[in-house]
Structures are given as structure tokens and as C-alpha cells.
Amino acid sequence: MFGRSKLKSWNKLDSLYGRFKKTQMKDLFAADEKRAEKYTIQFENLLLDYSKNRIDDKIMAALFDLARERDVSGRIKAMFSGEKINKTENRAVLHVALRHQENTPIYVDGRDVMPKIREVLGRIKDFSEAVRLGKFTGYTGKKLTNIVNIGIGGSDLGPCMATEALRPYWAKDIKCYFISNIDGTACAEVLHKVDPETTLFIVASKTFTTIETLTNARTCRKWLVDALGEHAVSKHFIALSTNKSEVEKFGINPDNMFEFWDFVGGRYSMWSAIGMIIAIAVGYENFERMLQGANAMDKHFATADLEHNIPVILALLGIWYNNFYGIHRYCVIPYDQYLKYLPSYLQQLDMESNGKSVSLDNKPVNYATGPALFGGAGTDVQHSFFQLLHQGTEIVPVDFIIPAISHNEIGNHQQILISNVLAQSEALMHGKTVAEAVLELEKSGKSKEEVEALKKYKSFSGNRPSNTIVVKKLDPYTLGMLVAMYEHKVYVQGVIWNINSFDQFGVELGKKLALNILPEIEGTAFGVEHDSSTTSLINYIKKIRK
Ligand code: F6P
């Protein structure tokens, strides 16, 4: 497909960058009092202000041309219509079908997938309600109040993030736990806290072959059987998977299995049966509200023109920095304690999807693809890595997310939180000139020498970009919108980079190599050939473990 030079819009952006790179955002604000209005877009209760970016109308127009030249609209249609856009695995990509609300069919290989999706949603509803009402009990008849999700990657991060995000909606007597890491500590720390009679284990694995999940599930199964006997398993274990035969092999009754399908990628699966723990924690109605919120964003994404399409705008801004400014990192800061796991969730969504270097035409790419993403909840992270955001040599574009209303309106906490997020984006954009720093130091009574010594340290270059996303309140519907917005943003970037955002062969390599080394660590294989570093590390650790 395209080297950079083959796209007209790309070349245009290259030359715009040359002319624009030194432009200061604060000058753009000063020159146009309507700038904020012009670069703000609202969809339902979600508002995106992207005016604090290094853009102007010409740049935005060229970015939209790039989206047109890459046929973003056509690719959106392809995804929604069930085309096999996951080329390397020959699969459709239909997480949007999981939250489809209309009574219309969605076809994969000529078959409508909606009846099956609705059937499983119905089963999730029945089962989650039965657990919440104490109708489906543990083996000894006690209510299941400890819900443990065993899964990793997409089978953990989505459910964990969403369950935490919706904590205010949890049933009062239910506690949720997540075991993902193979480190025995993850299992041990949860099993210390729960009682076998009241614990439901949800084994969540798309493939049901992931070593971490199966090992953790076996450990939990043994713990349960030791306490209550083999017969208790069917009352305390359910499986969420696409792989019925592996579920059976593991010893979970297929009646206790909730299915999903290979057109649902792991990192796009919290809307499927993988969301079971969310439904149990917050109730099916709230789970459904989350699906409806996502569906609203899907419809916006599928129907709004490019210029008024929130995921498209976010994607293009990311491309502008990544491919023209050469900024290959990006930060998401939710100013909401309940969204503290959102950055980890987005790390998988974004970096597993777009961390690719071979194009869909089977050629190495000669341009940057997915950036490194990090983040954390504000204001906490203001006191960890924000120093670098403000004064470091690396520019990091930021997405700030803030609900106007908190679930916990205590005193003036929310007002302080809001003041902080707005102050951060303002400071990043505006900076502080040396002259401003001097004035401030003088006002604070510093001597001439002190002012001279401190003025450079106290100045900020500014011109650092950010988006601000304001939602009314973090309810299930809004969470659904927010997550779907990022899913679609990632897809649009993948389309522009001409990569497949839906495979993850890089991660699978690590999984295989670990299986090769395991017998050596366990002492059942010897003399396997590795590089000298790996061999000596294996030997050193084995010696200590003896
Ligand atoms: O991390 C790689 C990966 O394949 C992810 O894509 C997936 O979410 C995770 O492993 C877990 O896989 P599974 O749900 O099949 O256990």
C-alpha cells in the first residue's frame, strides 16, 4: 500500500507540519476567540474538547482527507457488515454485534449471529440474577457472595476495569476478585480472603488453553475440592469460552459454560459472556445499559460524517502527533477513582491492537504505528509522572477524562478534582515564559540573585497537547460509550496505518517460548539450546531453588 509519499494528504500534512511545528497554541487561542467552540464536539452526554491540540483548520482538513484517502468510511462499513477484516486469522470482527440493539440481522458467512448472541445474553441474565437472588447457590446451599474471575489479558482487564468503574452499582452483599497472574501470590491472596461455601469461580478464557488461567483455575479447583469434595465443582465453577471441548476436558459441565465466538477478539470481549462478573456485580439491567451506551457510540461512529465523528477525530489527532511530530507515546488520565484501571485496559486495547510492523499487504511498514500508552488516575499521577509531562524533553499528548458529577459528592472534593484537571490541561498548553516566571518570583519577594538563579527552572515551555473528555456522571451507559469510543479510535488508526488491529502474534510467541523453558525449570528437560544469557539464568535460578 502506501509509502508516505504515495498519499496526497500525507504529503500535504508533511508540508503543513513543516510550517506549523513552531506555532504556539496559546497564540492560536489569542487569535481566535471561537477556537474552543470550533474544536469541541458533543455526543449525548460526552463532550470532547480538542482545542488544546497543535492544529488549525488546514491541518484538520488534511487529516480528514487522509481518512478519506484511506477509505475510513468504507472500512467502518466493512467491520459493521461482518466482513472478515481480521485478515491474518480470516475472521470477522463483530464486538459491535454483542451490543446491537435493533432487531436486524448481522451476518457472518451468510449466517445471522444475532439469535445466538441474544440467547447467551438471556443466559447471562438468568444466571446473574439467580446468583444475586440466591437462587443459584453453592454446594452447601449458601448464597454465592464471593465472585472470583480467573482470566488474563482481555479475559481479565475489561471485566476488571468495568466492574471497578461501576462499583457504586454493586449489590451490597457481593464482593468481586480477579486472579490473572500466574504468580502464585495472585491465587493465594484471593483464596485467603474467601470461603469455599460462598465462592463462585468464573474461568474466563477465549481459547481455554492459556497456561496462566488454566493453572490458576486448577489451583482454585483443588482448593474447593479439598474443602467441599468433587461434587461441589458444578455449583462453584462456570466457564466463559469459545472452546467447548477444552472446557469439558478441564472438567466444567457444558451446562455451566457461557459461549462466545471467534469474531470477538479477547480485548474486545467484555461485552460478551466475558462480562459475566460485571452482570453479577451490578445486575443485568446495568450490564445492558453498558451495552446500550456502547451501541449509541457504535451508531455515532457508523453514521456521523468524518468531521463530526468523535473516534475518528481522536484517531486523527493521534496520527498527527505519531507520524508527523514523531511523538510515539500517549497518556490517558481519568480524573475518577473508579476509572483507575482504564489505562491498563487501554494499554491492551491500543498496544496489542496496533503494535504491528507488517502491513495488510504483507510488507514491513516504513512509518510509525501504535504509540506506547500509559496513564493512571488523577490527581494521584500528578504527583508521580506529571513533572515529565510539564517540563521533560519528551512531549506526551494526554487525554483527560472527567465526570462533572461524582458518585461521592463529599464536601468540595469534586470541585477540587475538576479544578485540578482543568488546571493541568491549561498549564500544559499555556506553559510559563521566563518573563512570567521572573514576575512571579519578584512578586514572592525573591532577591535579584534568587530570581536569576531560579527563573529557568520555574518556566515551562507549554504548547503540550491534550484532549479533555467530560461526561456527566460515570454510569453504566456512559462507561459503555467511553470504552466503545476508544475501541473505534484504535480501529481507525489501524485502518490509516494499513495494519491488522485484530491479531496478536507477538504475544503468542512469548506464550510458546515459556512452554519450552518450563520443563527445564521443572527439571524434566536438560541441555536445550538457548543463547548464553538465557542458559545461565536458567541454571542460576535452578541452583537457588534447590
Ligand atoms: O495476551 C494475549 C492474549 O491472546 C490476549 O489477546 C487475550 O486477551 C489473552 O491472551 C487471554 O487469552 P484467553 O482469553 O484465550 O485465555
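**Ligand and helix packing, a quick tour**

Visitor: How many residues surround the ligand?
Guide: A residue counts as near a molecule if one of its heavy atoms lies within 4 Å of it. Gly154, Ser155, Ser205, Thr207 and Thr210 are the closest. The number surrounding the ligand is 14. By the way, this is a predicted model, where local features need pLDDT of at least 70 and side-chain atom pairs count only at 80 or more, while totals for chains, interfaces and linings use all residues. Residues are numbered from 1 along each chain as its sequence is written, and side-chain values use heavy atoms, leaving out hydrogens and water.

Visitor: How far is an N or O atom in the side chain of Thr210 from an oxygen atom of the ligand?
Guide: Let's go one residue at a time. For Ser155, a side-chain N or O atom is 2.6 Å from a ligand oxygen. For Thr210, that distance is 2.5 Å.

Visitor: At what angle do helix 4 and helix 15 cross?
Guide: Helices here are DSSP runs (H or I, at least four residues), numbered from the N terminus. Helix 4 covers residues 57-69, helix 15 covers residues 310-325, and their axes come within 10 Å. Axes are lines fitted to C-alpha atoms over the stretch in contact, with angles from 0 to 180 degrees between N-to-C directions. The crossing is roughly 105 degrees.

Visitor: So is helix 4 roughly parallel or roughly perpendicular to helix 15?
Guide: Angles under 35 degrees count as roughly parallel, and 65 to 115 as roughly perpendicular. With the crossing at roughly 105 degrees, helix 4 is therefore roughly perpendicular to helix 15.

Technical notes. Helices (H or I, at least four residues) and strands (E, at least two) are DSSP runs, numbered from the N terminus. Angles under 35 degrees count as roughly parallel, over 145 as roughly antiparallel, 65 to 115 as roughly perpendicular and the rest as oblique. A polar contact is a pair of N or O atoms within 3.5 Å; within protein, one must be able to donate a hydrogen and the other to accept it, and residues adjacent in sequence count only if both atoms are side-chain atoms.
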